[in-house]
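Student: I would like to go through some labels used for this chain and ask what each one rests on.
Tutor: Please do, and we will set each label against its definition.

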Amino acid sequence: MSQTFELELTAMAHGGSALGRHEGRVIFVPYTIPGETVRVEMVEARTRWGRGHLLEVLVPSPHRVEPPCPYFGPGKCGGCHFQQIDYEAQAEYKREVVIDQLARLGGLHDANVQEIIGAAEPWAYRNHAQFSTTPEGQLGFLTADTHHVVPVEECLILDPLLDELRAALDMEWPQLHRLSLRCGSATGDRMAIFELNEYEDFDIEVDFPVSCVILLADGEAVVLMGNAYLEEQVAGRNYRISANSFFQVNTAGAEALVALVHESLAPTSSDTLLDLYCGVGLFGLSLADQVGRVLGVEADPSAAADFRHNARGMDHVELIEGKAQSVLPRIKEPVDLLLLDPPRSGAGQGIIDQIAHLKPRRIASVSCDPATLARDARHLAESGFLLQEVQPVDLFPQTYHVEAVALFARQE
């Protein structure tokens, strides 16, 4: 027989669940808010912690609102986590999570974490969405903790360019494995990327310009119509972004990050900037006019090709293609500034040790995960770099995800 009990929730955990304590265990409950009293059913019990399923909100938080999306909630679409929380409170909970992770995982109990920069528009911001398909071929999103696909008719956090594109495609296609829709929020470019279980020819009719690409299992992109890339503009600079290349999903948020990186690094015309995990060049190329030299490091061939295209005409910009752990030992020239934008898993101690040998004056770390930021910050502190400031930025309203720019300075 399942166990049910009342629980008072005291804090927001990294991952989007509020937590409370019951019989010596920390209990995590999705779709709840700190300060609430709830009735939950235990669905997973470990020695020191457990997970609860929300049955009823007994005492609601003053920050609780009615979620506007019909697909939000337990057992439904797993894309959003915070629609039940008013936006100002969402943003503050994210800042608190950053502070908590830096203290618990990084040992940085007095970190200078600034007030979070919230989104001017907490809806209709995503320029990239990945749809899965039901067995019948309907488009939808995965639930939070299963491989079940929930069919959807609209998504409230998508850029309207993408919602219009999704509606225009209007397809039920059992052979389709996954569909990614991308757009340039600032340019109006649109792209549909089809991933098939096996290759087949097909016709597409859309009443407005769109690039359509089939993505094969080996990563090759086959253009059906339009281009193999789209263009986006951030802070006055255009970027080519190929179907396989990563780019920030919130264009307005990307502009905020670029401004923060510039402010944090305070570049001069004599500086050499190392842009580690440079991608298509969002950060390094945005600073190229402010420094004497830019070295980009990127392992993904698609992003590397985009970087080269985006850097054309910049003779002081060089790309070194390869994995960071292989490239860093080959860099012999002095590095003044370092931009660190690692994958969600973080840079890790090995990369941090190699960075320490280069002795950059300042490091700006752009992180999409507070836990890995905290671990990397601990390694950087142990390597002689002082964490001066952390600036959280909410690029992902309605979800628990939070971006942060952390500034480190080498201690002499």
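Student: Where is the place of Ala 235?
Tutor: Ala 235 sits in the loop between strand E14 (229–234) and strand E15 (237–242), where strands (E, at least two residues) and helices (H or I, at least four) are DSSP runs numbered from the N terminus. This is a predicted model, in which local features need pLDDT of at least 70, side-chain atom pairs count only at pLDDT 80 or more, and totals for chains, interfaces and linings use all residues. Residues are numbered from 1 along each chain as its sequence is written, and side-chain values use heavy atoms, with hydrogens and water left out.

Student: Why is Ala 235 called partly exposed?
Tutor: Buried means under 20% relative accessible area, exposed over 50%, and partly exposed in between (1.4 Å probe, protein chains only). Ala 235 has a relative accessible area of 48%, and is therefore partly exposed.

Student: Why is Glu 23 called exposed?
Tutor: Its relative accessible area is 62%, so Glu 23 counts as exposed. Glu 23 lies in the loop between E3 and E4.

Student: What makes the phi of Glu 23 worth a remark?
Tutor: Most residues other than glycine have a negative phi. The phi of Glu 23 is near 50 degrees, a positive value in a residue other than glycine.

Student: How do you know that E3 pairs with strand E4?
Tutor: Two strands pair if DSSP finds at least two bridges between them. Five bridges join E3 to strand E4 (residues 25–29), and the two run antiparallel, with Val 29 in E4 as the bridge partner of Ala 18.
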